[in-house]
Amino acid sequence: MTAIGKPISRVDGNEKVTGKAKYAAEFNVPDLTYGYVVSSAIAKGKITNIDASDALSLDGVLKVFTYKNRPKLAWFDISYKDQDAPPGSPFRPLQDETIKYSGQPIALVVAETFEVARYAASLVRIEYKEDTHETDLEANLHRAREPKSGIASLLKPPPPKPRGDFETAYQDASAKTNGRYVHAAEHHNPMELFASTVVYETDSKKKPKLTIYDKTQGVTNSILYVSQVFNIPFKNLRVVSPYMGGGFGAGLRPQYQLFMATMAALELKRSVRVTLTRQQMFTFGHRPATVQNVALGALPDGTMNALYHDAYGETSQFEDYTEVVVNWGGMLYPPENVTMDYKLVPLDVYSPLDMRAPGGVTGMAALEVAMDELAYELGMDPLELRLKNYSDLDNNEKRPYSSKELRECFRQGAERFGWSKRSFEPRSMKKDHNLIGWGMATGIWDSNMLGARAEAALLVNGKLWVSSATAEIGTGTYTIMTQIAADTLGMPIEDVLFKLGDTDFPIAPISGGSWTAATVGSAVQAVCEEVGKSLLKLAKKMPGSPFKSAKWEDIEFVDKHLRLKKDPSAAVSLMTLVNLNGGKAVRETSGVFADVMKQKNFTRSAHAAAFVEVMVDEELGTVKVTRAVSAIAGGRILNPKTARSQILGGMVWGISKALHEESALDHTFGRFMNHSLAEYHVSVNADIHDLDVIFVEEHDDVVNKLGVKGLGEIGIVGMPAAVANAIFHATGKRVRDLPITLDKLL
Amino acid sequence: MNSFTYTQADAVDTAVDERASDLTAKFIAGGTNLIDLMKENVERPTRLIDITRLPMATISETLEGGLRLGALVTNADTAYDERIIQRYPLLSQTILAGASPQLRNMATDGGNLMQRTRCYYFYDLATPCNKREPGSGCSALNGFNRIHAILGTRTQGSDGQLAEPNCIATHPSDMCVALAALEAVVRVTGKNGERSIPFAEFHKLPGDTPHIDNTLESDEIITAIDLPAKGFPDNFMYLKLRDRASYAFALVSVAAALELENGNITDARIALGGVAHKPWRKPEAEALLVGKPATKENFQAAAEALLAGAQGYGHNTFKIELAKRAIVRALGQAAKLEPTA
Ligand SMILES: Cc1cc2nc3c(=O)[nH]c(=O)nc-3n(C[C@H](O)[C@H](O)[C@H](O)COP(=O)(O)OP(=O)(O)OC[C@H]3O[C@@H](n4cnc5c(N)ncnc54)[C@H](O)[C@@H]3O)c2cc1C
Ligand code: SF4
C-alpha cells in the first residue's frame, strides 16, 4: 500500500480554492429562469385566499404556482417516499390549502431574473384561517406515543426489551443518580443554501428530458423522487451533484426546492433554478428537541447494577422520524437491570431529519453526564468508573464487538490530556477569575456498510478512471476513493481520476451514517480488482507469458506493473497490458454488499474518548473550552489528514452543541425565530482553542475487507457531555440542559 | 426586496434636499444594516441616496482639543487610528468588540449610530411588531426575549401608572456605548442648517413611538461625531458578554471609564449596552462613585443604582443580575484592581 494510510491532501482541493468547483446553484444555462419560494406565516390552518395579481403584473414574472394551479401529481404517498423517508405520509409541497407548519412553502414565483422573482414574491398576498398549533415539546409530553415502525427501523432499531428488574435494583443501589435532560432543536445550517438548477430539454419524441443540478447527499435519491412524483422515466433524467457546501444530514432527503424547480421547469418548459434563502433553511428537517430521563445505580465498588434511560423526541404530524437515542447505554455498560424507552411527540413542525450522529450525540450527551454524576455519587474518578464497567460485549445483543479499542482510547487520551493529574473535587482549580475544570466522556457510533456499485476503466493512455454515484459532502470522498483505487492497481494517485455525484454513474446509497468510506470504498476496491483480473487474463495471453499458470492470489500490482509475488522480475506494465485489449480501455462494473453472514455475530461500532478542559468565569457565567483531546478507535485510517479533519469538525460541533446551538422556537407563532447565521450561534474561531486528535490502532476484518469504520460522526458523540462534565468539575454546578448558555451558570 | 432608484450625492446640501423632497428615500453608507433589512422587506425605501462620496471620511482635531470623526469614517479605520488608540482607547476597544473585521471595514461611524435593533420579530414580517408596524403589537413581550431590554421599557401613563411596554428592543451597537460614556456630540445638518445633539439625547426610549429610534429629524444627515477632549486613556474597560466569543451582539455590555487620584475616584462614567433602547447611563449612579475610593463595595453600590427599576420579561431576566456583575467587574478592571483577561 502506498497511498492508503498517508496524509494525502484533498485531490479536489485545488478546484475548491480556485472556485472551479461548481455547486448546484452555479451551473448556468441560457434562458435560465428563477423561482422564489413564498413561505407560510402561520403554523397551522388553511389558506383562504391567495392574491398573486400584483406579482403577476410585474414585467418578467412568468407564473405564480400555488396549490390551486399546480399540475396533477402522483397520487399515492409511496411516490413521495425518498430513501430516507421515515414511516408516515411525506410532506407534499403545494398539495392543498392546508398549512402544517410555519415556513411551509405555499407558492413559487418564477421570473426571468432572481431579483424580479424575489420582489414579486413579496407582493403575493395570502390570507389564512388559523388553527391552534402545538409546538412545545415539554408541554405536550402527555401526548407521547410509540413510534410507528418501517424500513427505517432496520438501521434504527427500537430500544430492546427491559431486562432484569430495574426498579428493585435501583432501590438497592448504594449510589444512584436520576436526572432530566432537555436539549433544544438545532438546524444543520450548511454554508451552501439548498438549490436545484433544472435544465429543460426534450427527447426525440418531444418528451421532457431533465438534467438536474441538485444539492443532495445522494443523486440516486433525487432521481428516484423526481421520477416517481413527476412520472418521468429514468432515461430522461440525470441528476448531478459533484460538490456540496456541507450536508451534515440536511441533504439526506430531497428538499422542497427540488420539487419546486422540477415542477416549474416541466410546466413552463424552461430551465429553472430555485435557491432557498437562509431563513428558509430553517423550514425543513432539523435535529429534534428532546427530553430525556436517565437513572443509574451502582454498588459501592462502582459496579453498575441499574440503568434507566428514556427519551421523548419531537416529530411532525405527518411522519414518525425516529433516531436511536437510548440504546447506547445498554450496548456500552453491563448492568443486569435495564429499562429503556423511546417515544415520540407529534407537533406542528416539519419532520426532523438526521443530523451528524443523530440520536447518538443526543443520548450520549445525557447518559455520559449521568455517568459523571454517578462517579461523583461514588466518590470515584469518572474514567475509573468507565473502566470498572467496561464491557467487551454489546449487552443489548449479548454479542461481541467486531473490534473495540475503547480501552486504548481511554489510555492514550488520558495520557495526552494529563488526566492523572486531575483533582477529584469540583472547584479545586482556579486561575484569576476563572475556575478550571476537566471532564471526559465516551463516544460510540455504528459502523455500517451498505451496498454500492462502481465502475473502473484502465484507459489506453494508462490512466485509471473510476466512478460511483456517491456524494462528496465535504468529508474527502474524492480523495480516499482515489487512494483505494490507486493502491488496488498499484498506480500513483496522479494517474487516477475518481468521479461521483452523477446518476450516469453506477448506483450508490445516500451518503450518511458514516458508511460511505466502507460502502463505496469497498465497491471501488472490488471493481478495481475486477479490472485487475481482466488485466491478468490479458497477461496470460502474452506470448511466452510468465503468468500462464498464475492465479489471482499469486500476483500483485506495484509501480504500474502486474507482477508475480514470488518473482517480482516477472512483471509487465499496465500500459502494455491495456494495449493488448484491441485499442479499448479495460472496463468493469461491479457491486458489493456487506458480508452479512460474517457480520451477524458481531456488533460493529466506532468508539471514542473525549477529554475537555474548560475555564468558567463564575461571576459572569462565560465558558471557554481551552483544550480538548479526542482519542478515536475507528478501524483503519485511510487518510490521517482527511480523517483528522472529520474528527476536528465533530469536536467543534460538539463544543458548539454544548455551548451555543439552539433553534429558538416561539410557541405563540410556532415558528423558529433566530433564523439567520447572526442569531443562530455556531462556534466561531474565537470559541475554539487547542484540539488534539489521536487515532488508536484498530484492526477489524469483519466490518469490511478494507477494515474501515467511518469517521463522519464519531467525533461529535462524546464531546457535549465532556464539556458539561468539565463545567461541573470547574463550578460544582450540574447543568443538564443544552446549550449551556451563560445564564444557566449565573 | 422592492425596486428602488439609486443616486449618488456629491454634496451634503443636495443629499439633504433629496431626502427632504422624498421621505421614502434613505441614505446608504456601508450598507451592512440597510441592505439586510431591505432583503427582509423590513425597510422598503423607494430611493437610495448613496452618501459615500460626501467629504466626511476623515478624523480631525477639534478646537476644544478633541477629535472629530467624520460620519463616513469606517469602524475599522476609527478603531485602528493612532490618535484614537492613544487618546480614546475605550472607543477603539469597543468597536473591535463588535461584528467582524469584514463588517467593520464596510460599516461607517454614522451608520453605526443609525443601525436598527436585532429583535427577531422586527426582522420577520410574519410576526407583529410595533417598531416595524406601529399598533400591531410587540411579539417579544411574551415571546423569545432573551436579547431584549430590561431598562427604560415602561413609560408612565397619564394616570401615573407604569404602562405595558410598546417595545422592549435594544439598540445593538457596541460603539455607541463607548460614545455615550465619552459624552460624544452628534453633528447633523438639515434643511434648517447644522445642529449638535449631545449623545445622551440622540437615541430615545421607545415610549409611545417605538418606530422612532432617535431624535434625528427626517431631513437631517449625520456629518460627524465629536469626541470631547477627555478620553479616559488610563482607566477604562469595555466588557462585552455574549453568546459566543466573537461575532455576536451583546447580551450585556459595559463601558467603564474612571479618573483616579491616589486611589480615589474623581470622575466616573458607566454606560451599558444590550439592556435598553439606547445606551444606558445614569448620572446619579456615577455620582455615587465620585470622591470615593475605588473598591468593589462602591462599585457594587453604583451597579445597584444603575439597575434600579430594571424589569425582566422571562428569557431576559438573567440580564439584571448579569449587568450588575458586569459593572462591578468592568469598573474593577478599569481601576486595575482586577486582571483583564
Ligand atoms: C452579522 C452582523 C453582525 C454585527 N455585529 C455587530 C456588533 O457586534 N456590534 C455592533 O455594534 N454592530 C454590529 N453590526 C452592525 C454594524 O456595526 C452596522 O451594520 C454598521 O455600523 C452600520 O453602518 P453602515 O455604514 O453599514 O450603515 P448602512 O447600512 O449604510 O445604514 C444604516 C442606517 O443608517 C442610515 N445612515 C447611514 N449613514 C448615515 C448618515 N451619515 N446620516 C444619517 N443616516 C445615515 C441609513 O439610512 C440606514 O438607515 C453587525 C452587523 C451585522 C450584519
Ligand atoms: S421588542 Fe420592539 S422591535 Fe421587537 S417585536 Fe417588540 S416592538 Fe417589535
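Q: How many residues of chain B are in contact with chain A, and how many of chain A with chain B?
A: Keep in mind that this is a predicted model. In it, 41 residues of chain B are in contact with 34 residues of chain A.

Q: And what area is buried between chain B and chain A?
A: About 3200 Å², with carbon and sulfur atoms giving 58% of it.

Q: Which residues in chain B lose the most area to chain A?
A: Three arginines: B:Arg244, B:Arg325 and B:Arg329. Together they make up 21% of what the chain B side buries.

Q: OK, ligands now. Where does ligand 1 lie?
A: Ligand 1 sits between chains A and B.

Q: Which residues come nearest to ligand 1?
A: There are 34 residues around ligand 1, and the nearest are B:Phe27, B:Gly31, B:Thr32, B:Thr108 and B:Asp174.

Q: What polar atoms lie 2.7 Å from ligand 1?
A: An N or O atom in the side chain of B:Thr32 is 2.7 Å from an oxygen atom of ligand 1. On B:Asp174, a polar side-chain atom is 2.7 Å from a nitrogen atom of the ligand. As for B:Phe27, a polar backbone atom there is 2.5 Å from an oxygen atom of ligand 1.

Q: How much of ligand 1 does the protein bury?
A: 96% of the 980 Å² that ligand 1 exposes when taken alone.

Q: How does the shell around ligand 1 split by class?
A: You get 18 nonpolar residues, 11 polar and five charged.

Q: Switching to domains: how is chain B divided?
A: Into domain 1, residues 5–50, and domain 2, residues 235–334. Their centres, taken over C-alpha atoms, are 36 Å apart.

Q: Why does ligand 1 lie between the two domains of chain B?
A: Because domain 1 and domain 2 of chain B both give residues to the shell around ligand 1.

Definitions and conventions. Residues numbered from 1 in each chain as written. Chains lettered and ligands numbered in written order. Predicted model: local features only at pLDDT ≥ 70, side-chain atom pairs only at ≥ 80, totals over all residues. Heavy atoms only, no water. Near = heavy atom within 4 Å. Polar contact = N/O pair within 3.5 Å; in protein donor to acceptor, adjacent residues only side chain to side chain. Areas by Shrake-Rupley, 256 points an atom, 1.4 Å probe, with all protein chains shown as cover. Nonpolar A, V, L, I, M, F, W, Y, C, P; charged D, E, K, R; others polar. Domains from an automatic or database assignment. Contact = heavy atoms within 4.5 Å. Buried area = accessible area lost by both parts, 1.4 Å probe.
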